[in-house]
Amino acid sequence: MTSVSGRDPHTGRHIEVAIRDGIITAIAEVQSDDPAWLSSGLVDLQINGYQGFDLNADNLTSDTVVELSRRVLATGVTTFLPTIITAAEEKIIACLRAIAVARQLNPTFHHMIPGVHVEGPHLSPEDGPRGAHPREHIRPPSIAEFDRWQRASGDLVKLVTLSPHFDEAPNYIAALRERGILVSIGHTRASCEQIHSAVDAGATLSTHLGNGVDDPLPRHPNLLWTQLAEDRLTATFIADGHHLPDDTLKVMLRVNGIERSILVSDMVALGGMPPGLYETPVGGQVELTPDGRLSLSGTGFLAGSVLPLKDAVAHVARTSLSLSESLRLATENPARFLGRAGKLHVGAPADLIRFTWERTAGIQIESVLLQGTRADSNI
Ligand SMILES: [Zn+2]
């Protein structure tokens, strides 16, 4: 039996959480002057890489997956979906297999990685909405291909992002929902009717709403209004201060409300790296500026984010919502889609973070527990 204490961001009260065999067994209010906050660990539905470890690398190995997971854990993320982007089928399958092996080797990573997010390859082929996804590998949805992904990886894919402009999209979405797979709308120039059809077929998420879309857009109607208006869709947002202007993010969060909003990092391998020009295997040359903006050289198109999810939580807590509300967007809300708790309650896995929060310094992670074990001790 161990215990950990801190201030509950949702009530402001000090609590002590008792843990046995990796599970929360009791939560009690205590008297304390300890300034650190205690929360359920962060849940990130979209991580492509971090600190030089690239989940979309050619010849991805399970070692890379394990090392990336360790580093991500140190940023306070206790559950995440490794995200594989548009590529040839053989490469998608090779990446899925490497992640599957990493999970099989270590129960810790099995717990931390409940599945994989495949973003693509059924996206808009057009410059702009396609973002950094390679055009030559964009292709229409294929249920046969999806089933090959699942056979090769032991049913590891849990979330697929697609553009619903393809004629095959409604049938494909319905087939994935029958298999228990989440479908998200993204990287698209779809019409409003096609968005509604995708939701009727079972799509429940919008991937990084406001990005992966034409610029400029017709003022109305357009696919942003439709996705914001669609009560059956929950949107993910990249809140790094670059992907969405603060005013836009604030309005989108207000329209969707706390319940229908999720923060994702969409971090790429250059996350946590120094500024400069880099060659990437799929996106070509990219530029990382000192203020944390990553774009395709010469086009200005954003090529993913470099900020961990904790910094997105801090950004939203600074600009739009309370700390408690902002945390919900990165814990309870994404966890709900994965069948996880995402909050502190008796019987839940003891996936916990202790951290400090100040407007200028942001969120500083003090310690991370995964299933009751400290992240720096032998994980
Ligand atoms: Zn994307």
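Which backbone nitrogen lies 3.4 Å from a polar atom of the side chain of S40? The backbone nitrogen of K343 does.

## Basis of the model

This is a predicted model: local features need pLDDT of at least 70, side-chain atom pairs count only at pLDDT 80 or more, and totals for chains, interfaces and linings use all residues. Residues are numbered from 1 along each chain as its sequence is written, and side-chain values use heavy atoms, with hydrogens and water left out.

## Around S40

S40 belongs to strand β4, residues 37–40. Strands (E, at least two residues) and helices (H or I, at least four) are DSSP runs, numbered from the N terminus. S40 counts as buried, at 10% relative accessibility. Buried means under 20% relative accessible area, exposed over 50%, and partly exposed in between (1.4 Å probe, protein chains only).

The S40 side chain has a polar atom 3.4 Å from the backbone nitrogen of K343. A polar contact is a pair of N or O atoms within 3.5 Å; within protein, one must be able to donate a hydrogen and the other to accept it, and residues adjacent in sequence count only if both atoms are side-chain atoms. Neighbours within four places in sequence aside, S40 is in contact with T331, G342, K343, L344, D351, L352 and I353. Contact means heavy atoms within 4.5 Å.

## The zinc site

Three residues coordinate the zinc ion at 2.1 Å: E119 through OE, H187 through NE2 and H208 through NE2. Donors are N, O and S atoms within 2.8 Å of the metal (3.2 Å for Na, K and Ca); water is not among the atoms, so sites may look incomplete. The spacing of the donor residues in sequence is E-x67-H-x20-H. E119 lies in strand β9 (residues 116–119) and H208 in the loop between β12 (205–206) and α7 (223–229), so this pair ties together parts 89 residues apart in sequence. E119 is buried, with a relative accessible area of 2%. H208 is buried too, at 3%.

H133 sits in the loop between β9 and α4. H133 is buried, with a relative accessible area of 4%. Not counting residues up to four places away in sequence, H133 touches I85, T86, E119, L123, I138 and H187. The C-alpha atoms of H133 and H187 are separated by 9.0 Å, and the two residues are 54 apart along the chain. The side chains of H133 and T86 make a polar contact at 2.8 Å.

In α4 (143–153), the buried residues include E145, F146, W149, Q150, A152 and S153. They cover an arc of only 165 degrees around the axis, which puts them on the same side of α4. The arc is that of the directions from the helix axis to the C-beta atoms. The buried residues of α4 pack against α2 (89–105), β9, β10 and α5 (169–178). G154 follows α4 and has a positive phi, near 70 degrees.

In α5, A169, Y172, I173, A175 and L176 are buried. Seen down the axis, the buried residues of α5 fall within an arc of 160 degrees, so they line one face of the helix. N171 and E178 are exposed on the other side of α5. The buried residues of α5 pack against α4, β10, β11 (182–185) and α6 (192–201). After α5 comes G180, with a positive phi near 80 degrees.

## Backbone exceptions

Most residues other than glycine have a negative phi, and most peptide bonds are trans. The peptide bond from G120 to P121 is cis, with omega near -5 degrees. P121 lies in the loop between β9 and α4. H220 and P221 are also joined by a cis peptide bond, with omega about -5 degrees. P221 lies in the loop between β12 and α7.

D155 is not a glycine, yet its phi is positive, about 55 degrees. D155 is placed in the loop between α4 and β10 (157–162). Q371 has a positive phi near 50 degrees and is likewise a residue other than glycine. Q371 lies in the loop between β19 (362–370) and β20 (373–374). Q371 is partly exposed, with a relative accessible area of 32%.

## A charge over a ring

The charged end of R7 sits over the ring of W37, 4.1 Å from its centre. A charge sits over a ring if NZ of Lys or CZ of Arg is within 6 Å of the ring centre and within 35 degrees of the ring normal.
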